[in-house]
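Good morning, colleagues. Please have the sequence and the model open while I speak. I shall treat helix packing, then the cores, and then a few individual residues.

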Amino acid sequence: MSLQLLLIIAFSGAFITYILGKLSHRLRDIFAVFISCALVVIIALFYGKSVEKTFYLEFLDLPLFLRLNTLSWFFAITIAVVGVLSIIFSLSYIKKKERTDFYYFMMLLVNAGMLGIVLSGDLVSFYIFWEIMSWSTFLLISYNRGPALAAGMKYIIMSVVGSVAMLIGMLSLYASYGTLTISELAVHTSSASFGYILFLLILFFVTFGMKNAVLPFHTWLPDAHSEAPSPFSAVLSGILIKMGTYGFLLVMYIIIGLKNFLTLGQGLLSFHHILSIVGAITIIIPTFIAVIQDDAKRLLAWSTIGQAGYIILGIAYGTNLSIAGGIFHFFNHAAFKTLLFMAVGAVEYRTRGVRDLNSLGGLIKKMPITFIGALIGVFGLIGVPLTNGFVSKWLIYKTLILGGSPFLAFAALIGTWGTIFYSYKLIHNIFLGQLPDKYKDLKKAPFSMQLPMIILSSVVLLFGIIPGVPLKIINAIGISFGFKSLDVTLWGIASETGTLNTVNIFAAITVASIIVWLIFRAGRKAVSVAQDDNYAAGAYVPRDKYHYTVNFYNPLQRIISPFLRDFVDEFYTKLAGWTRNLCSGVRRIYTGYVGDYVIYIMLFLALLIFIQLKWSIW
Amino acid sequence: MNIIGIILFPPVAFAIGIFFIGLSRRIMARVQWRYGPPIAQPIIDIIKLFNQSSISHGIIFGLGVILSLAGSIVVVLFLPLGKICPISNSGGLLVIQ
């Protein structure tokens, strides 16, 4: 099995699904699930192998390569797994909507594009797959029409700006070295000058920062995530924006190289330190914007930006622990954010598109599996011990404290506290509290929605208790970048001053819970009463709906909202307005009268003659 | 040594906590020119509360109580008491956060 065949299967699978959809919907669904499962199996078979430079095509005298190393394998398997889960989730989510063939086609095409990105061995094929991914993403974001069209437009404009930055970087690399193969570029850039590397890094920062929603370029993300269909929001948040992370890793640690990257500038003014600070700001501000959101998917979208900040902070800080933390957080975030978007999507599906947190409540009895999925996802998001989010956040905190960056560590911790705020709001407003009357006979989520949630919940818990399995692969990635090896065991990690042993924590929590449970059993048994049966010290208990987390953070919102104006978004909107005015100004010269055009021609000729008479340059 | 620590730590922490609550209530009372409850009052309260019947609003309500106490016990295991810290090598103080 070669890499070309893998990509051929991925792309042709997407086209065949579209054609099959014209024949029979059932056949198409089965084929889409089958093809995405097949991709997972094929990529899993590549485990541990590395394929160097498989030549497949020549384009403008540039050879195009595919290659596979540990880094790309790790990303590829995550893409494939999230891909198959989102397809399974889509089966019932998308069933009653229109243009379903197109939807499946685009979902598979996005997956294939992302696989192409991580497998490409030169920048030209990287760019081609990047564009395939970007444009099919645009079509999926605007799938729902209406406000989704504007969100998609915002996304594609920013994405094109990023692509242009990448194109400039590539052209400049080609002009300097005459090659765009990644392994050859890595050799050439080791002797490049300081200014040139900085120039390249800033260009690629625009590209990948756009995709990864780093702070000045984040404005497309909340709209896009909340307007896209839920299974695709899961893909978008789980893996698609992480293509930016992959790009950062590729440029910073493979093309430019660890040594060059870390010695770029001095002390606080070095590039990697500034990028870490950008990551820290990306953690704090979006997290607190998420706290004041009322739309469930919008809240998760802002939280995605915040969590992407952790990943940037981890990979930019540049020690072996932080790189491991950053890459592991990428994986974990793919698991629990996909899970959360699916849980919210299931609620949205059953309540026919209600995402407003303040009008939901008490769904735990109606959708128990969805609740457990959301609960585990939220635990992972916060980083409660025994979930995988804890391990990656522990790695990031630890490296920041060890590396002597108290402010960055403080930013990471504040981000976690903010995460607790909005996670509590999310879980309580949807699932706990009182059930509104109109949702009295809500059914639980269909099995095709529960299955991906169950799988992802077990992934979150499993890799929280034995994080050694992915950490071993991540450690291999770190070594291939030139970092010192970490001492990874099955249940944790040993760093210079502290060790992590998740199995011990697991045992401690289990034993403590059992003891406490026994203590409470020994006491008098609690009488189960209705939710509105409360002791109010003789005062009247209101009988109507009393859902105390509705507008729970209003006081906090009053305090922080003046500081949380989205200046960047306002600036972009103004920029768009200026451009529009300028263009409509320019358009005025096209009057439609031939006489006017003749005058323009005469004036231009007169100008040319004047220039020739005055300076005689021709 | 570690096993003894793990077994002894929660009761010791419980005793210290109870003692300080009793002491603080007593001191507070003295500041306000009252006699105050006996130092063992929190223990009496706990025994009394366990004998009373309580109400519950469902499983999550009950789980919340259990998990908060279990969480506190685990946190105690990670706190250093002087030089002794039973399972500090499993993650250190960051676990508490």
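**Helix packing, cores and selected residues**

Helices α6(A) and α9(A) make a left-handed crossing; a crossing is called left-handed if the near helix is turned anticlockwise from the far one by less than a right angle, and right-handed if clockwise. Helices here are DSSP runs of H or I with at least four residues, strands are runs of E with at least two, and both are numbered from the N terminus.

Before I continue, please note that this is a predicted model, in which local features need pLDDT of at least 70 and side-chain atom pairs count only at pLDDT 80 or more, while totals for chains, interfaces and linings use all residues. Residues are numbered from 1 along each chain as its sequence is written, chains are lettered from A and ligands numbered from 1 in the order in which they are written, and side-chain values use heavy atoms, with hydrogens and water left out.

The axes are lines fitted to C-alpha atoms, for helices over the stretch in contact, and the angles run from 0 to 180 degrees between N-to-C directions.

Which residues of α6(A) and α9(A) meet? From α6(A) they are P147(A), A148(A), A151(A), K154(A), Y155(A) and M158(A), and from α9(A) they are W220(A), D223(A), A224(A) and E227(A); contact means heavy atoms within 4.5 Å. This contact of α6(A) with α9(A) holds seven nonpolar, no polar and three charged residues. Ala, Val, Leu, Ile, Met, Phe, Trp, Tyr, Cys and Pro count as nonpolar, Asp, Glu, Lys and Arg as charged, and the others, Gly among them, as polar.

The second pair is helix α3 (residues 70-93) and helix α10 (residues 230-240), both of chain A, which pack at about 165 degrees with axes 8 Å apart. Helices α3(A) and α10(A) are therefore roughly antiparallel, and α3(A) passes α10(A) in a right-handed crossing. On the α3(A) side the contact includes T78(A), I79(A) and V82(A), and on the α10(A) side it includes S230(A), P231(A) and V235(A). By class, the contact of α3(A) with α10(A) has seven nonpolar, four polar and no charged residues.

The contact draws on residues including A296(A), K297(A) and Y317(A) of α14(A), and H329(A), V344(A) and E348(A) of α15(A). Its residues divide into 13 nonpolar, eight polar and three charged.

I turn to the cores. The largest nonpolar core has 198 residues, of which F232(A), L426(A) and I430(A) touch the most other members. Helix α15 (residues 320-350) of chain A supplies the largest share of this core, 18 residues. Apart from this core lies another, of 13 residues, including Y317(A) and Y397(A). A nonpolar core is a set of buried Ala, Val, Leu, Ile, Met, Phe, Trp, Tyr and Cys residues joined through side-chain atoms within 4.5 Å. Leaving aside residues up to four places away in sequence, I430(A) touches A296(A), V344(A), V347(A), L357(A), L360(A), G361(A), G362(A) and L363(A).

Next, two residues with positive phi. Most residues other than glycine have a negative phi. A213(A), however, has phi near 55 degrees and lies in the loop between α8 and α9 (220-227) of chain A. Is A213(A) buried or exposed? At 0% relative accessibility A213(A) counts as buried, where buried means under 20% relative accessible area, exposed over 50%, and partly exposed in between, with a 1.4 Å probe and protein chains only. W33(B) has phi near 60 degrees and lies in the loop between α1 (2-31) and α2 (41-51) of chain B. At 82% relative accessibility, W33(B) counts as exposed.

Finally, chain B as a whole. Chain B contains three helices and one strand, in the order α-α-β-α along the sequence. Of its 97 residues, 25% count as buried.

Conventions. Parallel < 35°, antiparallel > 145°, perpendicular 65-115°, else oblique.
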